[in-house]
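Here's a quick briefing to read alongside the structure. Have the viewer open and follow along, topic by topic.

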Amino acid sequence: MTGHILWNDRDVPYEQGETLAQALNRAGITHLGTGLAGQSRSVFCGIGQCQNCLVILEGKGPCEACRVLCADGLAVSPVGTPHD
Amino acid sequence: MSRNLQYDAIIAGAGIIGASIAWHAARKGLKIAIIDASGPAAAASGASDGAVSVATKRPGVMASLARASLSYCADLAEQAQVLNGVFHTRPSYLFARIDAEAEALDRLTAMLTDQGLPVDVMRDGVAEKSSVPGLGESVARVLELSGEGHMLGYEATRAFLEESGAEGHWPCRLDAFEATKDGVILHTSTGEMRADRFVLATGMGTTNLLPDLPLMARSGQLIITDRAVGNDWPDLPGPLTSAAYLLDKTAQALPETLAPVVIDPLATGQLLIGSSREGGGTEEQTDFHMARRILISGVASLPALARRRVIRVFAGVRTATGDGFPIVGELPDMPNVFLATGFEGDGIGLAPLIGREVAGMLTGEGAMAEVNALSPMRFTRQKVASQ
Amino acid sequence: MTDRRILVVGAGPAGLSAAATLAQAGQRVVVVDQAPQIGGTVYAQNRTGDTRPLSHAKERRALFDVVAAQRERIDIHCSTSFVGLDYQGNALITGADGFLFQPKAVIMATGARELVQPRPGWTLPGVTSVGALQVDLKTAGRPPEGRIAIAGSGSLLYALGAQLTRAGKAPAVIFDAAHPFLHPLATARLPLHILQEATGFILTLIRARVPILSGTRILSVEEKKGALSLKTNHGGRFRTVEVDRLGLHDGLARNDYGLQKNPTIPVIAAGDCRDVLGRFAAVKDGNRVAAEILNLLGTPAPGISLTSLNTEKAAQRRLKSIFAHDGCNDLNDLPDETILCRCENRSVADLKALTATDQTPRMLRLNGRFGMGACQGRFCLDWVAKLTAAEMGSGPSRPQRWPLRPVLIAEILNAADHSGNETHIEESAKCTFR
Ligand SMILES: Cc1cc2nc3c(=O)[nH]c(=O)nc-3n(C[C@H](O)[C@H](O)[C@H](O)COP(=O)(O)OP(=O)(O)OC[C@H]3O[C@@H](n4cnc5c(N)ncnc54)[C@H](O)[C@@H]3O)c2cc1C
Ligand SMILES: Cc1cc2nc3c(=O)[nH]c(=O)nc-3n(C[C@H](O)[C@H](O)[C@H](O)COP(=O)(O)OP(=O)(O)OC[C@H]3O[C@@H](n4cnc5c(N)ncnc54)[C@H](O)[C@@H]3O)c2cc1C
Ligand code: FES
């Protein structure tokens with residue numbers, strides 16, 4: 001089974017079993033936002049420890065893209081930067 | 001091996017109170033050493049919120065001390081002063097969800113206008129809640145105050161210590177002390193120290209040294225979030241405090257959706273969410289049920305809170321006294337030994353003023369009447385013993 | 001309360017074998033794992049449609065069969081995190097199935113974490129840990145696009161190199177800070193199963209002509225025209241290499257963050273969380289810790305032979321010496337602008353700017369902000385500790401407190417209360433999300 005997730009309103013297809021990070025990376029989206037150190041938010045540890053791949057799951061909040069499995073219609077966007 | 005060091009004064013406890021005393025005393029030209037069992041801001045001062053508030057204080061001595069300290073904080077925060085960049089004023093908000101809380105806000109408004117406090121009531125949003133975005137349905141009323149302040153305990157502790165030039169010794173635990181006619185002798189984990197005068201600013205640690213003092217622990221769970229937010233996060237202009245805090249202790253036994261809660265936006269974009277007031281407790285004693293109670297109430301007041309992530313939870317330990325007032329002053333029967341502890345939930349806000357006044361006691365200049373009222377003499381009927 | 005269950009955190013080899021041993025002794029066990037599937041790091045499964053054979057398929061099957069045989073007594077929850085233990089012994093579990101309950105004991109089998117040394121450019125996109133590349137390969141069954149360099153030290157460099165090669169995507173180059181091939185004696189004394197696996201990796205890499213440059217360190221990484229430009233140092237000879245992906249790995253450490261001593265119930269670490277000894281030892285250690293818990297609970301425990309555990313321990317010591325290098329000394333030469341902590345944006349210069357007042361474990365955190373970010377210090381504290389060792393003798397403190405990982409407030413509140421100390425959550429406060 002496959003489906004689509006939404007990245008900033010862009011349709012991104014995924015394959016069953018892929019994490020958000022895997023589907024986004026396969027679509028060429030590796031820059032998932034900007035971290036505090038000015039670094040690109042992207043996969044670093046791959047196992048939910050480093051927090052570098054953080055994205056916002058609509059209706060839920062910040063989640064590690066490397067840890068959340070895709071589901072049809074999930075809307076994902078970059079983490080906001082309230083300060084600094 | 002014992003070291004023989006001579007200082008004008010030694011301060012035990014490098015929390016915000018000890019650090020403020022050190023800075024003020026050093027400015028008066030005293031040669032100061034400050035010792036701590038673990039290090040600066042190791043206890044309550046490193047595990048608390050930093051509200052410098054007048055509005056939430058009990059009328060009377062505590063409110064007038066808070067008022068004096070708040071305006072003194074503002075002086076110390078001026079350009080090139082010790083708390084510059086550490087103390088800030090900002091708007092703060094008190095909200096009510098039930099009648100008892102709304103009545104408490106009425107009383108507060110009346111009191112603030114009456115006393116002409118340096119804290120202004122900006123807006124009493126009976127009808128409109130727009131001053132703070134994103135409030136929950138249950139929030140009926142919001143009071144906006146200007147002029148109250150904030151400083152983080154550890155930042156203030158650090159600033160006072162850095163600027164004091166006092167000699168810091170840590171880890172160095174005070175085990176016992178004696179007042180002799182040649183000064184005070186301290187027995188510490190790293191040896192013996194001597195000084196003309198001695199200040200105990202050891203927070204809850206004071207109970208080991210003066211077991212007869214009526215001190216008790218009141219811990220509070222503190223919840224810290226990370227910085228990450230979605231686009232729908234309503235940026236808070238200042239801390240949100242439920243008026244349940246103004247209710248007396250019995251009225252505070254509210255259902256969890258109404259439990260006392262403070263949601264305090266930190267400069268980093270993180271939130272500090274507090275806090276409970278539990279009898280006893282240590283920093284390790286985290287309690288899920290208590291933390292959930294605070295969060296349930298927080299989410300009911302500000303629903304977007306549900307979409308923030310918690311990264312740290314710990315219990316801070318306040319040092320409370322039997323009569324609810326801090327203990328500040330020279331010990332009866334122990335000349336040259338001064339005490340400054342028991343600040344419960346007010347020590348951050350009061351530290352600048354208390355530091356100044358205790359430094360005055362050390363030099364013999366004396367202190368203001370409200371601080372003299374905090375003297376340990378009031379417990380003289382109970383035996384105050386040292387080891 | 002006789003029906004209380006034992007909590008096992010982590011469904012890797014250690015956690016699963018512990019759960020099976022406990023269940024065989026009649027205990028009821030709850031296993032939680034934050035990953036979407038069981039297996040842990042090494043037995044991560046291919047989740048996409050790809051049907052290529054998995055690595056370690058036989059070992060994995062054997063372990064899963066033992067667990068499957070005890071299914072009635074073992075409750076497994078995936079995509080579910082253990083968030084912490086409070087002082088009353090309540091465990092908070094969040095995620096797909098969230099709940100709060102009072103376990104009889106806790107086994108922490110949360111595995112290892114990867115060490116990646118900071119260096120200029122390590123925060124660039126395309127630079128990941130070696131483990132991230134490996135997990136991706138295992139779970140998506142698909143190697144990444146572009147030229148891949150693998151660098152650092154340890155046997156994982158060769159494991160990943162060979163696995164990528166077998167998946168049809170040989171790495172462009174492997175840079176090893178150590179000289180593993182200069183230790184034939186120690187290598188010859190490795191246990192057969194490790195030697196066989198290692199030989200297999202090396203042969204695969206040699207057949208695919210993958211350049212292996214030992215004694216070579218990556219000094220810095222820069223982004224140049226969409227590619228990564230690596231500056232390497234091989235005994236004073238500097239080179240620049242261009243690739244698209246870089247996997248870095250400087251060893252493994254226990255992932256024991258938030259491992260709490262509890263006044264009310266036993267909490268014991270197992271597997272890599274206790275001591276990083278590899279997957280064979282992890283299975284054994286799971287058995288051993290399960291027996292320890294059974295003993296503590298006063299129930300009959302199976303006798304566990306420690307011989308194979310000791311063999312693995314000796315082997316890991318030997319591997320360590322084979323892969324020993326002085327790479328970490330570079331830390332003192334890091335340029336000031338090097339980021340040490342990306343969560344809080346703290347650099348080498350920020351660390352150097354700290355004063356005497358800040359040189360206590362607590363102040364390094366509070367004022368230095370090291371270890372205060374969202375990763376809770378997992379990627380900076382080791383290095384900050386090394387860099388401050390001279391001044392302080394110890395690094396910033398690592399308080400053992402909850403949550404073990406960042407957790408959504410909605411998830412804390414939605415966890416059903418089975419602790420017997422019910423907090424009533426009113427509908428209005430309960431958060432729903434899809
Ligand atoms: C959850 C919580 C929230 C709070 N919020 C606020 C707020 O918003 N506004 C406010 O004004 N106040 C607040 N407070 C109160 C405030 O934190 C304290 O009143 C204040 O920090 C007390 O400072 P201190 O220096 O007296 O004590 P501490 O900070 O506790 O310092 C005592 C020091 O003495 C040392 N010590 C103890 N025994 C020995 C010994 N034998 N030898 C050597 N050293 C020793 C300790 O290591 C420690 O460093 C809060 C407190 C808590 C717990
Ligand atoms: C990145 C990496 C790559 C490795 N590659 C290899 C290899 O190729 N070959 C090899 O032999 N060995 C490899 N190892 C070592 C091998 O993984 C371990 O020796 C072995 O898997 C240890 O088993 P374990 O059960 O102790 O931990 P793991 O297998 O790591 O299992 C730990 C489990 O705990 C879960 N977990 C962690 N924290 C929480 C929490 N708070 N709540 C819920 N669940 C949690 C994790 O999701 C994980 O599934 C690797 C290790 C790492 C870190
Ligand atoms: S890549 Fe580290 S948390 Fe996702």
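The shell around ligand 2 is made up of 13 nonpolar, 13 polar and four charged residues. Bear in mind that this is a predicted model.

**Ligand 2 and chain C**

- There are 30 residues around ligand 2, and the ones that come nearest are Ala14(C), Asp33(C), Thr41(C), Gln134(C) and Arg279(C).
- Asp33(C) also makes a side-chain contact: one of its polar atoms sits 2.6 Å from an oxygen atom of ligand 2.
- Over at Phe82(C), a polar backbone atom is 2.9 Å from a nitrogen atom of ligand 2.
- How much of ligand 2 does the protein bury? Taken alone, the ligand exposes 980 Å², and 92% of that is buried by the protein.
- Looking at secondary structure in chain C, two or more residues of the shell come from each of helix H1 (13-24), strand E4 (80-85), strand E8 (112-114), helix H3 (130-140) and helix H7 (279-296).
- Strand E4(C) gives the most to this shell, namely three residues.
- Domain 1 (6-113 + 253-302) and domain 2 (116-248) of chain C each supply at least three residues to the shell around ligand 2.

**Ligand 1 and chain B**

- Around ligand 1 there are 38 residues, with Asp36(B), Ser45(B), Ala51(B), Leu174(B) and Gly349(B) coming nearest.
- That shell splits into 16 nonpolar, 16 polar and six charged residues.
- A backbone N or O atom of Ala37(B) is 3.0 Å from a ligand 1 nitrogen atom, while one from Ala44(B) is 3.2 Å from an oxygen atom of the ligand.
- On its own, ligand 1 has 1,000 Å² of accessible area, and the protein covers 92% of it.
- In chain B, helix H1 (16-27), strand E13 (215-225), strand E18 (309-321) and helix H7 (347-363) are the elements that give two or more residues to the ligand 1 shell.
- Why does ligand 1 lie between domain 1 and domain 2 of chain B? Because both domain 1 (4-45 + 154-214 + 323-386) and domain 2 (91-146 + 216-321) give residues to its shell.

**The two domains of chain B**

- The C-alpha centres of domain 1 and domain 2 of chain B are 32 Å apart.
- In the contact between them, 16 residues of domain 1 of chain B meet 10 residues of domain 2 of chain B.
- Together these two domains bury about 940 Å², with 53% of it on carbon and sulfur atoms.
- Met204(B), Pro214(B) and Glu344(B) account for 59% of the area that domain 1 of chain B buries against domain 2 of chain B, more than any other three residues.

**Domains of chain C**

- Chain C is assigned domain 1 (6-113 + 253-302), domain 2 (116-248) and domain 3 (334-387).
- Domain 1 and domain 3 of chain C have C-alpha centres 32 Å apart.

**Where chain C meets chain B**

- The contact involves 47 residues from chain C and 43 residues from chain B.
- About 3,900 Å² is buried between the two chains, 59% of it on carbon and sulfur atoms.
- Which residues of chain C lose the most area to chain B? They are Arg362(C), Trp402(C) and Ile409(C), together 18% of what the chain C side buries.

Technical notes:
Residues are numbered from 1 along each chain as its sequence is written. Chains are lettered from A and ligands numbered from 1 in the order in which they are written. This is a predicted model: local features need pLDDT of at least 70, side-chain atom pairs count only at pLDDT 80 or more; totals for chains, interfaces and linings use all residues. Side-chain values use heavy atoms; hydrogens and water are left out. A residue is near a molecule or strand if one of its heavy atoms lies within 4 Å of it. A polar contact is a pair of N or O atoms within 3.5 Å; within protein, one must be able to donate a hydrogen and the other to accept it, and residues adjacent in sequence count only if both atoms are side-chain atoms. Accessible areas come from the Shrake-Rupley method with a 1.4 Å probe; for residues, only the protein chains shown count as cover. Helices (H or I, at least four residues) and strands (E, at least two) are DSSP runs, numbered from the N terminus. Ala, Val, Leu, Ile, Met, Phe, Trp, Tyr, Cys and Pro count as nonpolar, Asp, Glu, Lys and Arg as charged, and the others, Gly among them, as polar. Domain bounds come from an automatic or database domain assignment. Contact means heavy atoms within 4.5 Å. Buried area is the accessible area (1.4 Å probe) that two parts lose on being put together, summed over both.
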